[in-house]
Amino acid sequence: MKTEPIVIERTLNASIDSVWQALTDNQKMKQWYFDIEEFEPEVGFEFKFYGGSEEKKYLHICKVTEVVPNHKLIYSWHYDKQPGMSYVTFELSEEGEKTRLKLTHEGLESFPADRDSAFAKDNFTEGWNMIIGTLLKEYLEKE
């Protein structure tokens with residue numbers, strides 16, 4: 001059964017270019033997002049990173065599927081040796097000197113949530129709220 005995607009929207013006190021750089025520049029991403037070894041905002045670019053709890057880490061495997069510079073970034077998101085495929089979309093729009101960021105994570109129902117609570121929708125919602133609402137916001141405000 002298809003579930004509603006996670007949608008998180010925040011207005012960030014930063015230019016659209018600064019937010020785009022935070023989302024796509026590998027060195028900047030490491031300061032607020034995951035420790036991604038390499039990243040290029042190019043369709044077809046694949047990247048991997050580990051995430052999860054201290055007790056259980058999961059290898060995330062992602063592939064960029066759409067790029068509209070300074071406006072939209074989409075990538076697939078799945079886990080090594082786990083069923084399921086989801087998609088993460090970042091959409092940016094200018095609001096004066098600020099930037100509106102809309103994050104959508106869809107396809108979560110394809111993950112084995114009943115088998116492992118790490119894949120539960122509530123965990124993704126909590127994680128994205130922390131990542132977008134706290135970590136990215138704090139990173140951009142110290143820039």
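# Close-up views of the predicted model

**Figure 1. Ile6 has His105 of strand 6 as its bridge partner.** In this predicted model, local features require pLDDT of at least 70 and side-chain atom pairs count only at pLDDT 80 or more, whereas totals for chains, interfaces and linings use all residues. Residues are numbered from 1 along each chain as its sequence is written, and side-chain values use heavy atoms, with hydrogens and water left out. Strands (E, at least two residues) and helices (H or I, at least four residues) are DSSP runs numbered from the N terminus. Strand 1 and strand 6 run antiparallel and are joined by seven bridges; two strands count as paired if DSSP finds at least two bridges between them. His105 is also the bridge partner of Val88.

**Figure 2. Strand 5 and strand 6 form a hairpin with two residues between the strands.** Strand 5 (residues 86-95) runs antiparallel to strand 6 (residues 98-106), and nine bridges join the two. Thr89 stands opposite Thr104 of strand 6. In this hairpin, Gly96 adopts a positive phi near 65 degrees.

**Figure 3. Trp128 is among the residues with the most contacts inside the largest nonpolar core.** This core has 40 residues, and Tyr33, Trp77 and Phe90 are also listed among those with the most contacts inside it. Helix 3 gives the most to the core, with seven residues. A nonpolar core is a set of buried Ala, Val, Leu, Ile, Met, Phe, Trp, Tyr and Cys residues joined through side-chain atoms within 4.5 Å. Apart from neighbours within four places in sequence, Trp128 is in contact (heavy atoms within 4.5 Å) with Ile6, Ile8, Tyr33, Trp77, Val88, Phe90, Leu103, His105 and Gly133. In soluble globular proteins, nonpolar side chains tend to be buried together.

**Figure 4. Tyr33 occupies the loop between helix 2 and strand 2.** Tyr33 counts as buried because its relative accessible area is 12%; buried denotes under 20%, exposed over 50% and partly exposed the range in between (1.4 Å probe, protein chains only). The side chains of Tyr33 and Tyr75 make a polar contact at 2.5 Å. Such a contact is a pair of N or O atoms within 3.5 Å; within protein, one must be able to donate a hydrogen and the other to accept it, and residues adjacent in sequence count only if both atoms are side-chain atoms. With neighbours within four places in sequence set aside, the contacts of Tyr33 are Tyr75, Trp77, Phe90, Trp128 and Ile131. Eleven residues separate Tyr33 from Ala22 along the chain, and their C-alpha atoms are 8.9 Å apart.

**Figure 5. Thr24 belongs to helix 1 (residues 16-24).** Thr24 counts as buried because its relative accessibility is 8%. A polar atom of the Thr24 side chain lies 2.8 Å from the backbone oxygen of Trp20. Beyond four places in sequence, Thr24 is in contact with Met29, Phe39, Pro41 and Leu73.

**Figure 6. Lys30 is located in helix 2 (residues 26-32).** Lys30 has a relative accessible area of 34% and is therefore partly exposed. When residues up to four places away in sequence are not counted, Lys30 touches Asp35, Ile36 and Glu37. Lys30 and Leu135 are 105 residues apart along the chain, with 11 Å between their C-alpha atoms.
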